[in-house]
Amino acid sequence: MRLDIVTIFPEYLEPLNVSLVGKARARGDLDVRVHDLRAWTHDRHHTVDDTPYGGGPGMVMKPDPWGEALDAVLESGTAEGGAEGPGQPVQPVLVVPTPSGRPFTQELAVELSGKPWLVFTPARYEGIDRRVIDEYAERLDVREVSIGDYVLAGGEAPVLVMVEAVARLLPGVLGNAESHRDDSFAPGAMADLLEGPVYTKPPEWRGRDIPEVLVSGHHGKIARWRRDQALARTTAHRPDLIGRCGPEAFDKHDRATLEELGWRQGTDGRFWLSGEAVEE
Ligand code: ADE
């Protein structure tokens with residue numbers, strides 16, 4: 001997979017040389033190219049922003065440097081392994097981080113992990129002149145994406161978040177392919193429950209033991225315990241995820257656990273919390 005990132009702070013993307021993404025890069029599984037937007041400015045001050053039409057606070061990123069930068073990146077060729085066949089031109093997906101975008105979810109990470117080429121355009125200031133997005137949306141699959149309901153100073157940190165979420169899904173990047181199956185939010189995983197607690201050696205630490213069931217060797221009991229822990233954690237932290245599920249998401253044991261946690265089943269089969277969620 002090829003990733004291009006156009007930014008005014010290339011050094012902000014240094015973490016892409018570390019850990020899982022850094023190793024995938026070093027192995028050649030990921031072709032990451034970070035570009036300095038200011039390379040496509042032509043004035044002495046390398047200006048990338050200007051005042052907004054219509055007034056208001058802050059500055060807006062100028063269309064010219066973005067247009068030149070994106071044209072250069074798009075012209076720079078083909079990504080390996082495109083659907084069009086080896087060596088054929090491939091169109092990237094353009095990912096535009098913005099707090100006014102659609103939420104970035106595990107589902108979108110999975111979708112993007114199947115694409116041969118992603119181009120990210122992290123913006124600073126109040127964002128990029130709208131005409132840039134409109135222009136490329138005529139030629140490319142453009143996704144405006146938010147990583148959460150808060151406003152950051154720029155899109156670079158969201159790019160780090162999205163690249164890590166996508167890269168760990170690529171074949172061979174995460175050591176154990178089974179590891180994503182149980183991810184919280186993995187599509188089709190445990191009805192979108194949050195993962196419960198995990199433990200490793202030693203068996204006793206500062207007077208604290210591990211839950212006995214985990215050393216019972218009884219796989220069925222361990223799976224049930226994990227599922228109950230996931231239900232409890234989801235009740236405490238994200239009750240909306242349970243409320244959203246249809247009745248088919250839960251078996252008889254789940255229903256008993258949910259009842260203990262304060263959930264009641266409505267006539268439509270959905271669960272609602274009677275009173276406050278049980279604290280963990
Ligand atoms: N840029 C600033 N805040 C952002 C957010 N929450 N998500 C994506 N891009 C952003």
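**Labels and their grounds**

Reply: The protein chain holds eight helices and 11 strands, and the model is a predicted one. Of its 280 residues, 40% count as buried, and the C-alpha trace spans about 70 × 45 × 45 Å along its principal axes.

Me: What share of the contacts with a separation of 6 or more comes from residues 24 or more positions apart?

Reply: Such residues account for 70% of the contacts in the protein chain with a separation of 6 or more.

Me: What makes the pair formed by Phe250 and Phe271 stacked or edge-to-face?

Reply: A pair of aromatic rings is described by the distance of the centres and the angle of the planes. Here the ring centres lie 5.4 Å apart, and the criterion asks for centres within 6.5 Å, so the two rings count as a pair. Their planes stand at 85 degrees, and planes over 60 degrees apart count as edge-to-face, so that is the label the pair receives. A search of the whole structure finds one aromatic pair. The pair links distant parts of the chain, with Phe250 in the loop between helix 7 (239-243) and helix 8 (252-260) and Phe271 in strand 11 (residues 271-273), 21 residues apart.

Me: Why are Phe250 and Phe271 given the burial label they have?

Reply: Phe250 has a relative accessible area of 4%, and Phe271 likewise has a value of 4%. Buried means under 20%, so Phe250 is called buried, and Phe271 is called buried on that ground too.

Me: How do you know whether His45 is buried or exposed?

Reply: His45, which is found in the loop between strand 2 and strand 3 (49-50), has a relative accessible area of 59%. The label exposed requires over 50%, so His45 is exposed.

Me: Which label does Glu156 receive, and why?

Reply: Glu156, placed in helix 5, has a relative accessible area of 0%, which is under the 20% limit, so Glu156 is buried. Not counting residues up to four places away in sequence, Glu156 touches Thr7, Ile8, Phe9, Tyr12, Leu13, Pro122, Ala123 and Arg124.

Me: What makes strand 2 and strand 7 the edge strands of their sheet?

Reply: Five strands form an open sheet in the order 2-1-6-5-7, with parallel pairing. Strand 2 (31-36) and strand 7 (141-146) are called edge strands, as each pairs on one side only. Neighbouring strands of this sheet are turned by 25 degrees against each other on average, direction ignored.

Me: How do you know that strand 1 and strand 6 pair?

Reply: Pairing needs at least two bridges, and strand 1 (residues 2-7) and strand 6 (residues 117-120) share four, in the parallel sense, so they count as paired. Within the sheet, Asp4 stands opposite Val119 in strand 6. Strand 5 is joined to strand 6 by three bridges and to strand 7 by seven, also running parallel. Val95 stands opposite Phe120 in strand 6, whereas Val96 stands opposite Glu144 in strand 7.

Me: Why can the buried residues of helix 3 be said to line one face?

Reply: The buried residues in helix 3 (residues 106-113) are Gln106, Leu108, Ala109, Leu112 and Ser113. Seen down the axis of helix 3, they fall within an arc of 160 degrees, so they line one face of the helix. What covers them includes strand 5, strand 6, strand 7 and helix 5 (156-167).

Me: Which residues touch the most other members of the largest nonpolar core?

Reply: Of its 28 residues, Leu3, Leu16, Leu30, Phe104, Leu112, Leu118 and Phe120 touch the most other members. The elements giving two or more residues to this core are strand 1, helix 1 (19-27), strand 5, helix 3, strand 6 and helix 5, and the largest share, seven residues, comes from helix 5. A second, separate core of 22 residues includes Leu37, Val119, Val132 and Tyr136.

Conventions: Residues numbered from 1 in each chain as written. Predicted model: local features only at pLDDT ≥ 70, side-chain atom pairs only at ≥ 80, totals over all residues. Heavy atoms only, no water. Phe/Tyr/Trp six-rings, centres within 6.5 Å; stacked < 30°, edge-to-face > 60°. Buried < 20%, exposed > 50% of the residue type's maximum accessible area, 1.4 Å probe, protein only. Axes fitted to C-alpha atoms, helices over the stretch in contact; angles between N-to-C directions. Arc of directions from axis to C-beta. Contact = heavy atoms within 4.5 Å. Core = buried A, V, L, I, M, F, W, Y, C linked by side-chain atoms within 4.5 Å.
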